[in-house]
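Student: I'm new to this one. Let's go through it bit by bit.

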Amino acid sequence: MPYGLPWSEEFIGQITDKDDRREFVADQVRTRLALLIRALREQDERQWSQTELGQRMGKPQSVISRIEDPDYGKLSLQTLFEVADAFDLPLWVDIPEWEEWFRRIGEVESKRLRRRSFNAERLVAQARAARDGQPSGAIPSICPGSVATRASMGAQGNQTMSDTVSQAMPTQPALIDGVNEDGHNRGYADYPRNAMGTLNSLSVNIQ
Amino acid sequence: MAVLWSFRCYLSPDGTDEIRKAHDSEERQTRKKFHSRLKILAALPFEEWHNGVLYRELHGECFGLGEIKFKGDNVQQRPLGFRSSEYEFTILFWAHERGNKWVPLKACQRALERKAEVIANKDRTNALWLALE
């Protein structure tokens, strides 16, 4: 395997069948999402129980248990909005190219799933640093040409995860995520962009 | 993604990879979910296996074993194994769970017998045939 690539020839050989790929992607997305929600809930600054997250979402603990179950296949986009809102994080839904998907889907360790909630002071400080030309404030723009409003997404708010995944296949995998803790979306600066400067994959960015 | 773990599979005395044989007899969804879950486990430190969602250590008559947990084709799939070295997990027996009972009922006993065989003779395992990266 070439250095730095998260896939090998052997691995690709085992997902050449489209039906195999569909099942593999569906489980990877569902499992990573379940691990992400759990990691966000248990993050040091929060340490919320399932009951506490449920209270913040207006749902019983049993619902939280279900959405943290990788085998639960009917998580709706609306519920994901509510989960993200409880953490005061945005939601990111994407249909990337395979290379990008392989790179991001493997980030499953809890330390790589840490995300900071909205903090105006932090964001303003970054904006000021960027304006003043300080490298630490250089936040790459994310899909500037493909921002959808929350209202427009709301029309599809009853979509399920399985819908999302099946729509993503067979030609494209699906990624559903919060934005990384450091706000930099690891590696996004390196993603292929088209002549308009937007990423070469369909993206939906919910602010 | 860093792959931390390697997986090995039990070989019967005639050299048959029993885990691959069991895997191949399952439906597509189960086969690919197994592949997916091992890929995820391979990237996680062991303390993050212990969240009861992907993996669980067993007690009582199954003490010394752990189960990889997932649902495939509406059946609770429970490949049983043990941590055979710091970053190596050996899968011994592909069990199922139905109504809080093992299928087959003596799944743990058979897995523990296999574990004893593997500990006595490491040649009774094969590297996992599935690529995880």
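Student: Where is B:Asn100?

Tutor: B:Asn100 is in the loop between strand S6 (88-98) and S7 of chain B. Helices (H or I, at least four residues) and strands (E, at least two) are DSSP runs, numbered from the N terminus. This is a predicted model, where local features need pLDDT of at least 70 and side-chain atom pairs count only at pLDDT 80 or more, while totals for chains, interfaces and linings use all residues. Residues are numbered from 1 along each chain as its sequence is written, and chains are lettered from A and ligands numbered from 1 in the order in which they are written.

Student: Okay, and is B:Asn100 buried or exposed?

Tutor: B:Asn100 is exposed, with 6 other C-beta atoms within 10 Å. A residue is buried if 20 or more other C-beta atoms lie within 10 Å of its own, exposed if 12 or fewer, and partly exposed in between, with C-beta atoms placed from the backbone.

Student: What about phi of B:Asn100?

Tutor: Phi of B:Asn100 is near 65°, which is a positive value in a residue other than glycine. Most residues other than glycine have a negative phi, and most peptide bonds are trans. B:Asn74 also has a positive phi, near 65°. B:Asn74 is in the loop between strands S4 (70-72) and S5 (75-85) of chain B, and B:Asn74 is exposed, with 8 other C-beta atoms within 10 Å.

Student: Which peptide bond is cis?

Tutor: The one from B:Val103 to B:Pro104, with omega near -5°. B:Pro104 belongs to the loop between strand S7 (101-103) and helix H3 (107-120) of chain B.

Student: New topic. Which residues touch the most other members of the largest nonpolar core?

Tutor: B:Leu38, B:Leu80 and B:Ala111 do, out of 65 residues in that core. Helix H2 (residues 18-42) of chain A gives the most to this core, with eleven residues. A nonpolar core here is a set of buried Ala, Val, Leu, Ile, Met, Phe, Trp, Tyr and Cys residues joined through C-beta atoms within 7 Å.

Student: What is B:Ala111 in contact with?

Tutor: Setting aside neighbours within four places in sequence, B:Ala111 is in contact with B:Leu65, B:Leu80, B:Leu92 and B:Phe93. Contact means that the C-beta atoms of two residues, placed from the backbone, lie within 7 Å.

Student: Back to H2 of chain A. How many of its residues are buried?

Tutor: 20 of the 25 residues of H2(A) are buried, so this helix is largely enclosed by the rest of the structure. H2(A) reaches 36 Å from its first C-alpha to its last, close to the 36 Å expected at 1.5 Å a residue. That expected span is 1.5 Å times one less than the number of residues.

Student: And helix H2 (residues 28-42) of chain B?

Tutor: H2(B) has 15 residues and reaches 21 Å, close to the 21 Å expected. H2(B) is mostly covered, with 13 of its 15 residues buried.

Student: How many residues does the contact take from chain A and from chain B?

Tutor: Chain A puts in 25 residues and chain B puts in 19 residues. On the chain A side, helix H1 (9-13) and H2 each supply at least two residues, and the largest share, nine residues, comes from H2(A). By class, that side of chain A has eight nonpolar, six polar and eleven charged residues. Ala, Val, Leu, Ile, Met, Phe, Trp, Tyr, Cys and Pro count as nonpolar, Asp, Glu, Lys and Arg as charged, and the others, Gly among them, as polar.

Student: What is chain A's secondary structure?

Tutor: Chain A comes to nine helices and three strands. Of its 207 residues, 29% count as buried.

Student: Where in chain A is A:Ile105?

Tutor: A:Ile105 is in helix H6 (residues 98-105) of chain A. A:Ile105 is buried, with 24 other C-beta atoms within 10 Å. Leaving aside neighbours within four places in sequence, A:Ile105 is in contact with A:Gln28, A:Arg32 and A:Leu175.

Student: Last one: which residues of H3(A) meet H5(A)?

Tutor: A:Leu53, A:Arg56 and A:Met57 in H3(A) meet A:Glu82, A:Val83 and A:Ala86 in H5(A). By class, that contact has four nonpolar, no polar and two charged residues.
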